[in-house]
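Here is a short note for a colleague opening this entry for the first time. Please keep the 3D view open while reading.

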Amino acid sequence: MTGAALNAVIELVTEQGVRAVTMDAVAARAGVSKPAMYRRWPSKQALVIAAAESRIGPLSVPDLGDLRAELREVLTTRLASYRMPGTDRLVAELIGAAAAAEPGEHGAYAAYTDRIMAETRTILERGIARGEVRPEIDIRSAATLVAAPMIYRLLAERELPDGHLVDDLVDFVVRAVSRTS
């Protein structure tokens with residue numbers, strides 16, 4: 001049920017936008033019962049975030065002993081997700097929904113962002129521990145520097161990110177945070 005429902009959300013968002021996502025529409029498209037969906041996802045917001053996380057979710061990158069290699073792993077994995085059909089619309093709609101969220105609803109979007117950025121923060125912290133990254137670096141700002149350019153390329157420039165962008169980003173970020181920069 002879970003995969004079918006999340007795929008149905010992605011399809012609806014891709015075809016018609018997040019407004020088309022209702023529990024009824026997803027249940028009908030996925031061939032599941034609405035009560036079963038509500039047991040798993042108590043709200044439309046939870047369902048949309050779960051669908052986004054099924055495509056762009058938390059990562060786990062092993063300690064490769066090298067900041068550059070670990071950043072490349074994160075960005076290459078994200079690149080594959082961003083190049084999947086419909087991801088551009090899904091991300092745009094998710095950002096729009098987060099921007100329009102009522103004050104009490106913003107926490108779920110922030111928690112999702114925190115989960116998907118966690119591995120990048122971990123990589124930067126490992127880089128500090130190995131002496132590759134300056135210890136005074138603001139980890140949150142550096143993690144944003146890693147993530148934002150691919151999203152900008154995808155949504156604002158309306159271009160699929162590619163391997164050249166990944167290579168450039170790895171170089172830019174390493175230069176920005178490195179002890180030798």
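The points below go from the overall fold to one helix, the salt bridges, the pockets and a loop residue.

1. **Basis of the model.** This is a predicted model, in which local features need pLDDT of at least 70 and side-chain atom pairs count only at pLDDT 80 or more, while totals for chains, interfaces and linings use all residues. Residues are numbered from 1 along each chain as its sequence is written, and side-chain values use heavy atoms, with hydrogens and water left out.

2. **Overall fold.** The protein chain has nine helices and zero strands. Its pattern along the sequence reads α-α-α-α-α-α-α-α-α. Helices (H or I, at least four residues) and strands (E, at least two) are DSSP runs, numbered from the N terminus. Along the principal axes, the C-alpha atoms fill a box of roughly 55 × 30 × 30 Å.

3. The protein chain has 181 residues, and 43% of them count as buried. Buried means under 20% relative accessible area, exposed over 50%, and partly exposed in between (1.4 Å probe, protein chains only). Of the contacts with a separation of 6 or more, 67% join residues 24 or more positions apart. A contact means heavy atoms within 4.5 Å.

4. **Helix 1.** Helix 1 covers residues 2-16, 15 residues in total. From first C-alpha to last it reaches 21 Å, close to the 21 Å expected at 1.5 Å a residue. The expected span is 1.5 Å times one less than the number of residues. Which residues of helix 1 are buried? They are Ala-5, Leu-6, Ala-8, Val-9, Ile-10, Leu-12 and Val-13. These buried residues pack against helix 2 (23-30), helix 4 and helix 6. Just after helix 1, Gly-17 takes a positive phi of about 95 degrees.

5. Side chains of opposite charge can pair when their charged atoms come close. The whole structure holds 16 salt bridges. Each is a side-chain nitrogen of Lys or Arg within 4 Å of a carboxyl oxygen of Asp or Glu. Asp-63 pairs with Arg-130, with the closest N and O atoms 2.7 Å apart. Asp-63 sits in the loop between helix 4 and helix 5 and Arg-130 in helix 7, so this pair ties together parts that are 67 residues apart in sequence. Arg-130 also forms a salt bridge with Glu-70 (3.2 Å, N to O). Glu-70 belongs to helix 5 and Arg-130 to helix 7, so the tied parts are 60 residues apart in sequence. Are the two partners buried or partly exposed? Arg-130 counts as partly exposed because its relative accessibility is 28%. Glu-70 counts as buried because its value is 0%.

6. Glu-119 and Arg-126 meet in a salt bridge through their side chains (3.9 Å, N to O). Both residues are buried. A network of salt bridges links Asp-63, Glu-70, Glu-119, Arg-126, Arg-130 and Glu-132.

7. **Largest pocket.** The largest pocket holds about 750 Å³ of space. Of its 29 lining residues, the closest to the centre are Tyr-112, Thr-113, Ile-116, Met-117 and Ala-147. Helix 5 (67-82), helix 6 (87-100), helix 7 (106-130) and helix 8 (139-155) each give two or more residues to the lining. Helix 7 supplies the largest share, ten residues. On a 1 Å grid over the protein atoms alone, a pocket is an open set of points where a 1.4 Å probe fits, with protein on both sides within 12 Å along at least five of seven lines; lining residues have an atom within 4 Å of a point. Grid points are joined across faces, edges and corners, and a volume is the space filled by probe spheres set on the points.

8. **Second largest pocket.** This pocket has a volume of about 190 Å³. Its lining residues include Val-18, Lys-44, Gln-45, Glu-105 and Tyr-109. Helix 4 (44-55) and helix 6 each supply at least two lining residues. Helix 4 gives the most, with three.

9. **A loop residue.** Gly-31 is found in the loop between helix 2 and helix 3 (34-40). Gly-31 counts as exposed because its relative accessibility is 67%. Gly-31 and Ala-51 are 20 residues apart in sequence and 16 Å apart in space, C-alpha to C-alpha.
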